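Open the model in your viewer and keep the selection panel at hand.

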Amino acid sequence: MNAVKPANYTKGKARQLQNALCLAAKENPKRRFHALYDKVYREDILWEAWKRVKANGGSGGVDGITIEYITKEYGEARFVHEIQDTLKNGKYHPLPARRKEIPKGDGKTRPLGIPIIRDRVVQMATKIVMEPIFEADFKDCSYGFRPKRSAHDAIRHIRRAVKKGVYWVVDIDITGYFDNIPHEKLMTLVEQRISDRRVLKLIRKWLKAGFMKDHEFHETEIGSPQGGVISPLLANIYLNYLDTIWEKKFRELGTLVRYADDLVILCKTKEDAIKAIDVLKAVFGKLELQMNASKSKLVNLWGDKDGFDFLGMHHRKIPKMMKGKEVHILRSFPSKKAMGKMRKTVKEVTEPRKRLYWTMNQMVEELNPKIQGWKNYYGLDNFADRFLNKIDWYIRRRLMLFWNKKHNRRKKHSKSGKVAIIADLAGLKKLAA
């Protein structure tokens, strides 16, 4: 392992292994896999894991080692080789995650656990090996953090269901889902498919690794911290219990669509929707989870009375004239919360006084990737253009303020037409089509 392995080589080898594991899992839904640990430290798997971690980027953990340090000073081959040795010799022990509080739109924060780079690579290698086994069991209603599935796919699923006659939506929020997953119940579900004791031991170590906050160590007796590479897979394994129960026993009540811990149930009648809520409460009780009563709600989709937020978009039936007749069509457009986040991001880019030295080209270069990302996500429905136009207007207003401050103009809102031309010449992108 003296040289960096070509990307196509490691990706191809990893895919071959994943295909074989997935086929084996599908052929026998009750099979438990007992020889996986040696695959986790396989050379090609570790190299593929490292390349994915490197591509994802991110800051270092509690040991202070960064991806840049590994690539430029320490050496990638040396780093991967040492990980392989510690796994082979049974000497691998994860360090606590570095706890970081991420601000939320409501003024609160969301805890994020940042493992050290080495632990991220081992988690990624384990995920590469485990994921295809559980993918064979995961249901079509689940879209979050799964290969070849996206938030757009989940939204399309909702729209297909509504076309078939959905008038009531059960919009569910789970209280602190990632932080409240019981370890033993989670491991019981993992063990339904995996019997390799060394892989199970790895997962337990990550769950119990704890975290560092303000230079103090905190134990983790419950939860799977957000930020860990393996956490989304574990979270899906846990809620797959809900998906399975719903598909087997309650699908006649409505269509379940889930993206990680965000889920809705689309029902034809209010009676079915109320029954669905009772079922969810019972299942959550078994899983030791709680429904957030203040954020969960029952929505009447009839006409243009109400809508619901899901995956950053607001979904509502909007009246439209078709062949001389008024019909109501489900439209999806940025939620108020999403619009607020976009405005906040634009302001954070354009407001700092130290950036008054930037040229318009530099400012546009900073904004364009963000604009394109929003356009790619929120432009799913052309009805969203009327909302995205507002953000386009806001961006131009912020650029006008930036330009006038830069040139020390007393009237901060003057020359709007000239500034718009300058921004356009600099290549500023638009959100709305």
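The stops below begin with the overall fold and end with aromatic side chains.

Start with the whole protein chain, which is a predicted model. Show it as a cartoon: the secondary structure comes to 15 helices and eleven strands.

Of the 433 residues, 49% count as buried.

Colour the charged residues next. There are 88 positive and 50 negative charges, and their mean positions are 6 Å apart.

Then select the aromatic residues, where the count comes to twelve pairs. A pair of aromatic rings is described by the distance of the centres and the angle of the planes.

Zoom in on tyrosine 69 and tyrosine 74. Their ring centres are 6.0 Å apart and their planes stand at 40 degrees, so this pair is tilted. Tyrosine 69 is partly exposed, at a relative accessible area of 32%.

Move to tyrosine 377 and tyrosine 378. Here the centres are 4.9 Å apart with the planes at 85 degrees, so the pair is edge-to-face. Tyrosine 377 is partly exposed at 23% relative accessible area, whereas tyrosine 378 is buried at 11%.

For the last stop, select Phe333, Phe383 and Phe387, which form one aromatic cluster.

Note on methods. Residues are numbered from 1 along each chain as its sequence is written. This is a predicted model: local features need pLDDT of at least 70, side-chain atom pairs count only at pLDDT 80 or more; totals for chains, interfaces and linings use all residues. Side-chain values use heavy atoms; hydrogens and water are left out. Helices (H or I, at least four residues) and strands (E, at least two) are DSSP runs, numbered from the N terminus. Buried means under 20% relative accessible area, exposed over 50%, partly exposed in between (1.4 Å probe, protein chains only). Lys and Arg count as positive and Asp and Glu as negative; His and the chain ends are not counted. The place of a charge is taken as NZ of Lys, CZ of Arg, CG of Asp or CD of Glu. Rings of Phe, Tyr and Trp (its six-membered ring) pair if their centres lie within 6.5 Å; planes under 30 degrees apart count as stacked, over 60 as edge-to-face and the rest as tilted.
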